[in-house]
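This briefing sets out the fold, the core, the helix packing and selected residues of one protein model. Please read it alongside the sequence and the structure shown here.

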Amino acid sequence: MDAFAQLFTTADPLTLTVVGALVVFTWFLPALVALLFNRKQFKLILMACVPAGFSLIAWSGVMVWALTGNMVNRFRRKPVEPA
């Protein structure tokens, strides 16, 4: 814990800004991925990113949801219509 305190006391404002931007980018990365792969559920994924960022397991689950949400519909077999 002392290493973090020393890091923040010796770091310049630019470094802190870059680290903060990287943290926010990583925190909301599932929402950005959802824009590409799961656009229908983007708002839900965006809202889920906020609490999920506190847990690596929850964040990973939201990331999987963002990546595979639309894939389920792509590979689902359509019912065969009788001829």
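A residue is called buried under 20% relative accessible area, exposed over 50% and partly exposed in between, using a 1.4 Å probe and protein chains only. The model is a predicted one, in which local features need pLDDT of at least 70 and side-chain atom pairs count only at pLDDT 80 or more, while totals for chains, interfaces and linings use all residues. Residues are numbered from 1 along each chain as its sequence is written, and side-chain values use heavy atoms, with hydrogens and water left out.

**Overall fold**

- The protein has 6 helices and 0 strands; helices (H or I, at least four residues) and strands (E, at least two) are DSSP runs numbered from the N terminus.
- Along the sequence, the pattern reads α-α-α-α-α-α.
- Of the 83 residues in the protein, 14% are buried.
- Among contacts (heavy atoms within 4.5 Å) with a separation of 6 or more, 44% link residues 24 or more positions apart.

**Nonpolar core**

- A nonpolar core is a set of buried Ala, Val, Leu, Ile, Met, Phe, Trp, Tyr and Cys residues joined through side-chain atoms within 4.5 Å.
- The largest such core comprises 10 residues, namely Ala31, Val33, Ala34, Ile45, Cys49, Ala52, Trp59, Val62, Met63 and Ala66.
- Two or more of these residues come from each of helix 3 (29-37), helix 4 (42-52) and helix 5 (56-68), with helix 5 giving the most, 4 residues.
- Beyond residues up to four places away in sequence, Ala52 touches Ala58, Trp59 and Val62.

**Packing of helix 3 and helix 5**

- The axes of helix 3 and helix 5 come within 8 Å and cross at roughly 10°; axes are lines fitted to C-alpha atoms, for helices over the stretch in contact, and angles run from 0 to 180 degrees between N-to-C directions.
- Helix 3 and helix 5 are therefore roughly parallel, on a scale where angles under 35 degrees count as roughly parallel, over 145 as roughly antiparallel, 65 to 115 as roughly perpendicular and the rest as oblique.
- Helix 3 contributes Leu29, Pro30, Val33, Ala34 and Phe37 to the contact, and helix 5 contributes Trp59, Val62, Met63, Ala66 and Leu67.
- The residues of this contact divide into 10 nonpolar, no polar and no charged, where Ala, Val, Leu, Ile, Met, Phe, Trp, Tyr, Cys and Pro count as nonpolar, Asp, Glu, Lys and Arg as charged, and the others, Gly among them, as polar.

**Aromatic pair**

- The whole structure holds 1 aromatic pair; rings of Phe, Tyr and Trp (its six-membered ring) pair if their centres lie within 6.5 Å, and planes under 30 degrees apart count as stacked, over 60 as edge-to-face and the rest as tilted.
- The pair is edge-to-face, because the ring centres of Trp27 and Phe54 are 5.0 Å apart and their planes stand at 85°.
- Trp27 belongs to helix 2 (residues 13-27) and Phe54 to the loop between helix 4 and helix 5, so the pair ties together parts 27 residues apart in sequence.
- Trp27 is partly exposed, at 23% relative accessibility, whereas Phe54 is exposed, with a relative accessible area of 70%.

**Two partly exposed residues**

- Leu46 lies in helix 4 and is partly exposed at a relative accessible area of 34%.
- Leaving aside neighbours within four places in sequence, Leu46 is in contact with Phe28 and Ala31; the C-alpha atoms of Leu46 and Ala31 are separated by 5.0 Å, at 15 residues apart along the chain.
- Val23, in helix 2, is partly exposed with a relative accessible area of 43%.
- Val23 and Gly53 are 30 residues apart in sequence and 9.6 Å apart from C-alpha to C-alpha.
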